[in-house]
Amino acid sequence: MVDARGMVRRRLGLRLWLSGGWLVLLALAALLAPWIAPHNPLEQDLFTSRLPPFWMAGAEPGYWLGTDSLGRDVLSRIIHGARVALIVALIAGTATMLIGATLGLIAGYYRGWADMVISRLIDIWMAFPPVLFAILLIAVLGTGLTSVIIAIVVIDWTRFARVVRAEAMAQGAMDYVASAQVAGQRRLGIMLREILPNVLPTIGVLLTLEMGIAVIVEAILSFVNLSISSDDPTWGGMIAEGRTALHRSWWVLVFPLIALFLTVLSFSQLGEGLKDRFDPVLR
Amino acid sequence: MLARRILTRLLTTLVTLLGVSIVVFVVIRVVPGNPIAMMLPPGATPADIERLNALYGFDRSILAQYFIWLGGVVQGDFGTSIQTRQPVLGLVLGRLPATLELAIMALVIAVVIGGFLALTGTRLRGTATEGAIDVGNGMALSVPVFLWGLVLILLFGVLWPVFNISGRISPHLVQEFHTRFFLFESVLRLRFDLWLDLMRHMLMPALALAIPLAAIIGQLLKQSLKETMHLDYVTLARTKGYGENHVIVREALRNAILPTLTLIGVQFTFLIGGTVIIERLFSYEGLGNMAIDAVINRDLPLIQGIVIIFALLFTVINLIVDMLYTVLNPRLRHG
């Protein structure tokens, strides 16, 4: 009997290519934004306000995805918004990984009082709703891209720390670590040369997932107007504007939403795909 | 043994709460330059500043300040809102029922949908339907509630506008209530007109919150069910001539459900965390929406109160789930 379930799954082998493709496209759009965006994303023109996308009646050539209430080109704002999204994904994702994975490694391998302190910290952090914690930090730090990145790192390091701690603990109990100890290697050396390489695939998967989370957190913060200044194009800011004028110009909300949706989905599918590849049980 | 476990757990909870208070204190009072300036309403006189300085001990050491602050918080003194000049505790408790009702409604929806998916997937295991359920669950999990909320707004607020996508209730009905638990009260008083209006507002935000949890429940419960289906006693029931539906629901489910129950407990705190942005998205008048307004108005005492209430709620839920797990799990009970 053919397992029909397996066929549905196998067709999704495509997902790595699709999600990777979208992210490459996005990165190119972000890099080349000033050259490929058809308009200046900040340029207001009340004569071209609320133009619909190209296939609808009343559309103007050159404004493919329509314009918002101030006459700004939606496509150009999405392309420029990709810059903020990807900057936050890269910087916040990497910084979160460095801090979280380091603490997780130390807690999981050295155990003892270091583990106790780090685990208690994780417990304390888990008592805060992430979005609320983020806006609390923004309230204190002030708005701006740096604050957004700091907030993400401060909140999300526990994601890495928890998983890496458990992995390092499992690796630390294995024979190869014991033989390295017998061979007289120093503990720091064992942690970096023996444990870390084995935990690295997990860290890679987490990093991909974290980038997706960073993009969504930035979008949420710019949605509530607590990210960068509200004139600068961000997907979250566009969605917030679209939400208020939903019945008059739905496209202001729908197109940035699609961009955000695809990006978050791509990061998480990439992470899941990597997990399948690296997970020896599944392979 | 059991008593010692519970005692240890209570102690770690206390340590966690103490840690929470330190984090909140550090973020709110130490990081910003001048805490007094943030607590004062505009147009405060020098005498007011003097009075506040003495009250909060700002002329004393930071440790002394912390204990003065903690003493107040423990007694329920969360300070006064800058925006409304009312005590923070009252404001926060006034909004808490709205958020709790939303979270519990979402939990119920998640259990119903997740349970249905798991049972259907088990019944039709090995077919394309099960594959579709797996893929759908995977999608539902990788998209955060913020995006689900927006999708629901587009679908049921614009394309097919059958639900309200703003607010908790139609404004003219608010005066009908005696308590803040609108939904609960409407059911108890058998006022189904009010109940219907509340549901029209609540269903979409609750569904958005429920989707990821429903997917997790669907995945885990289906997995446990499929494992249980191979056990001897299930085979025995089958040989007795019971139909597949009976075997799944009456026999397998009872043994497969424990891991899912534990998971629901843990995931419930994540769901509550999601209310913050979902309330904003649907203009639902709960705690999360209030928190975002408070940040925009730089009303630090109010934010502090909301953060503490949420942290308390999370810690207590985690404690209850752990306790239940300890008591229910026979291996730990006799261990």
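**Notebook: where chains A and B meet**

I looked up the contacts between the chains first: 37 residues of chain A are in contact with 41 residues of chain B. Contact here is a pair of C-beta atoms, placed from the backbone, within 7 Å. Next I asked which helices of chain A supply at least two residues each to the side that touches chain B. They are helix 1 (4–11), helix 5 (112–126), helix 6, helix 9 (187–223) and helix 11 (251–278). Helix 6 gives the most, with 9 residues. By class, I noted 29 nonpolar, 3 polar and 5 charged residues on this side of chain A. Ala, Val, Leu, Ile, Met, Phe, Trp, Tyr, Cys and Pro count as nonpolar, Asp, Glu, Lys and Arg as charged, and the others, Gly among them, as polar.

This is a predicted model, in which local features need pLDDT of at least 70, side-chain atom pairs count only at pLDDT 80 or more, and totals for chains, interfaces and linings use all residues. Residues are numbered from 1 along each chain as its sequence is written, and chains are lettered from A and ligands numbered from 1 in the order in which they are written. I noted ipTM 0.87 and pTM 0.89.

Then I turned to helix 12 (287–296) of chain B. I found 8 of its 10 residues buried, meaning 20 or more other C-beta atoms within 10 Å of a residue's own. Helices are DSSP runs (H or I, at least four residues), numbered from the N terminus. Among the buried ones are B:Leu287, B:Met290 and B:Val295. What do they pack against? I listed helix 6 (130–141) of chain A, plus helix 5 (88–123), helix 11 (244–281) and helix 13 (300–328) of chain B. After helix 12 comes B:Arg298, with a positive phi near 55°.

Technical notes:
A residue is buried if 20 or more other C-beta atoms lie within 10 Å of its own, exposed if 12 or fewer, and partly exposed in between; C-beta atoms are placed from the backbone. Two residues are in contact if their C-beta atoms, placed from the backbone, lie within 7 Å.
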